[in-house]
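Here is a short note for your review of this structure. Please read it with the coordinates open.

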Amino acid sequence: MPTSLPRGVSERVVEVLRRYADREHLERLLAIPDPRLHSWVADVAETADPERIYVNTGSPEDLEFIKRRALENREELPTKYKNKTVHFDGPYDLARDRENTRILVPPGHSIAMVNTLERERGLAEIRELFKGVMRGNTMYIGFYCFGPRDSPFSLYGVQITDSAYVAHSENILYRVCYSVFVERGDKLKYMRFLHATGERNELGWSKNVEKRRIYIDLDDNIVYSVNTQYAGNTVGLKKLSLRLCVNQGKKEGFLCEHMFIVGVKGPGGRVTYVTGAYPAGCGKTSTALVADTLVSDDLAIIHAYNGEARAINPEVGSFGIIDGINPVDDPEIYRILLDPETEVIFSNVLLTEDGDVWWRGRPEPPRSGINYAGPWRPGLRDDKGREVPPSHPNARFTTHLKYLRNLDPRIEDPLGVPVEAMIFGGRDSDTNVPVEEAFDWVHGNVTKAAALESERTAAVLGQVGVKEFNPYAILDFLSVSPGEFLRLHLDFAERLTRLPKIYSVNYFLRDKEGRFLNEKTDKVVWLKWIELRVHGDVEALESPTGLIPVYEDLAKLFREVLGKEYTEQAYREQFKIRVAKQIERVNRVVEVYRKIPDTPPVFFDVMREQLRRLEEARLRYGDYIDPFQLDKK
Ligand code: SPV
Ligand code: MN
């Protein structure tokens, strides 16, 4: 123990900490010259009453310890593969909980389309729920950089959790940077995350899921999460931080996005950086993986820097959907998931009796084992007679990006990569063409980003398949209204001299029989087309809703990139403009924004223009426009 206390630390705080932390861990904590941190930890410990405090410095021993603890307390189960474990969330805790995720606000305050709760009420509830909640468990404290070290764009976060699984996940997904906290102490601005699993039942699931709460306190830059394990509800720096980051971005003039960042190679070996926002389960991860290089698969922080939009990845790992990943369509990720050298946490897959892991996409049929709902055998039905899938549709893998052969080394570039295009993708069976360029930044932000819709998938609790409004694919993570979020983007452009181009993509068009019009692999062609457009290397056809590819350019790309014939018939079917459906879409989305009071007026102007173009087109062509009838721009 140091004989004198670090500056500003009170005797009382140290007294409390000493009750929970042994000498080594107390010293680790006090080595960070930040008395507010010490008081917070002491306060949490006194309330939650853990057995002990573990301060994670990110040393190999600490990382090992946390992994071992997750196995010892059965939050993770071993598999027959080295360094690969399985975690189960239980059948009622398999996805993000929208209803119980709230932004805490002052009395009488609300944010359009965002779930809020009166701050004092929320905090009181949390205080109650955290009383004694960690009894008998270890409280882990982790320190993370949300972005490259020494980047002016990076943010920082401290996570307290009683879950070794959550701590383990964060050690994979983020850069542990205890030493930065030691160096910078109270000069460092950081977000805080406090999580408790709550009581677990005999199968290890959070028992009190009806008391699951995820409360975001913007005033204090802190998120609370309790009675849940699912990573989207618990891993603070993942989606919980996104709400804090959006709010900070609003104040400081940067963008915090639910976007991948990839490099696409073009003629002469040039690399063009593109970001992409898609709701979960709409092809985001798979698109990120088919690009030539990958910087990020889920999140991007974008700053205006010397007139350029520069993007960093706050993460270094991936929490990806595993359902459907197979050796043919996704060879790289499939390899990583089973490679003896990689570290992976599988969640909510099937763990077979012989220690193998099974998800939809593994070539052989599933065998008996345990899954997210308990023991499983082929043909198992639930109490309502429905077949229990062996592996859940929102089953996931958590792994390091460093295993990717095409990881872009610029993931560590402190100034990020220049963004030249932004893609917005949704799951849409009947309206949008596979790829389309917006006329300009404002048109793209309004009609492709702010107006994004998608059919619901398994990543959130609730009915699958319903068409949902999801502006910028970030609705679930907004702490400002969608109107304000749009305005942030419009304002952001004023600080740029080179504006990224904006695109929509849709991989989910279907024919009348319900069959997909595109192959999974086609998306790489859309990326290559976007790359060429950014550099003005190919022309485009002007539709009422944007600029679409010329048939010959796509046919050439299909041949070069996929070795495939692309027929005029396929093009015609995929790229016909569904005028009537597009009109419905405009009307639907305008209705939504009419109820959002702070929508910038330009939104309605741009939508009105879009509607006018569509109506004119309908008079001229009818409900569908054959793309061969369109003129070059
Ligand atoms: C998503 O749903 O967008 C994800 C997974 O990336 S979660 O962490 O649950 O948000
Ligand atoms: Mn995501």
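1. Terms first. Buried means under 20% relative accessible area, exposed means over 50%, and partly exposed is in between (1.4 Å probe, protein chains only). By that rule Asp298 is buried, because its relative accessible area is 9%. His258 is buried as well, at 3%.

2. Basis. This is a predicted model, where local features need pLDDT of at least 70, side-chain atom pairs count only at pLDDT 80 or more, and totals for chains, interfaces and linings use all residues. Residues are numbered from 1 along each chain as its sequence is written, chains are lettered from A and ligands numbered from 1 in the order in which they are written, and side-chain values use heavy atoms, with hydrogens and water left out.

3. Metal site. Which protein atoms hold the manganese ion (ligand 2)? The donors are Lys239 (NZ), His258 (NE2) and Asp298 (OD), at 2.1 to 2.3 Å. Donors here are N, O and S atoms within 2.8 Å of the metal (3.2 Å for Na, K and Ca); water is not among the atoms, so sites may look incomplete. Along the chain the spacing reads K-x18-H-x39-D. His258 sits in the loop between β12 (255-257) and β13 (259-265), and Asp298 in the loop between β15 (293-296) and β16 (300-305), 40 residues apart. Strands (E, at least two residues) and helices (H or I, at least four) are DSSP runs, numbered from the N terminus.

4. Ligand 1. Oxygen atoms of ligand 1 are 2.6 Å from a side-chain N or O atom of Lys239, 2.7 Å from one of Tyr230, and 3.1 Å from a polar side-chain atom of His258. The protein buries 97% of the 280 Å² that ligand 1 exposes when taken alone.

5. Salt bridges. The whole structure has 70 of them, each a side-chain nitrogen of Lys or Arg within 4 Å of a carboxyl oxygen of Asp or Glu. Asp476 pairs with Arg96 at 2.6 Å, N to O. Asp476 lies in the loop between β29 (467-469) and α13 (482-493) and Arg96 in the loop between β3 (84-87) and β4 (101-105), so this bridge ties together parts 380 residues apart in sequence. Asp476 also bridges to Arg98 at 2.8 Å. Asp476 is buried at 16%, Arg96 is buried at 10%, and Arg98 is partly exposed at 29%.

Key
A polar contact is a pair of N or O atoms within 3.5 Å; within protein, one must be able to donate a hydrogen and the other to accept it, and residues adjacent in sequence count only if both atoms are side-chain atoms. Accessible areas come from the Shrake-Rupley method with a 1.4 Å probe; for residues, only the protein chains shown count as cover.
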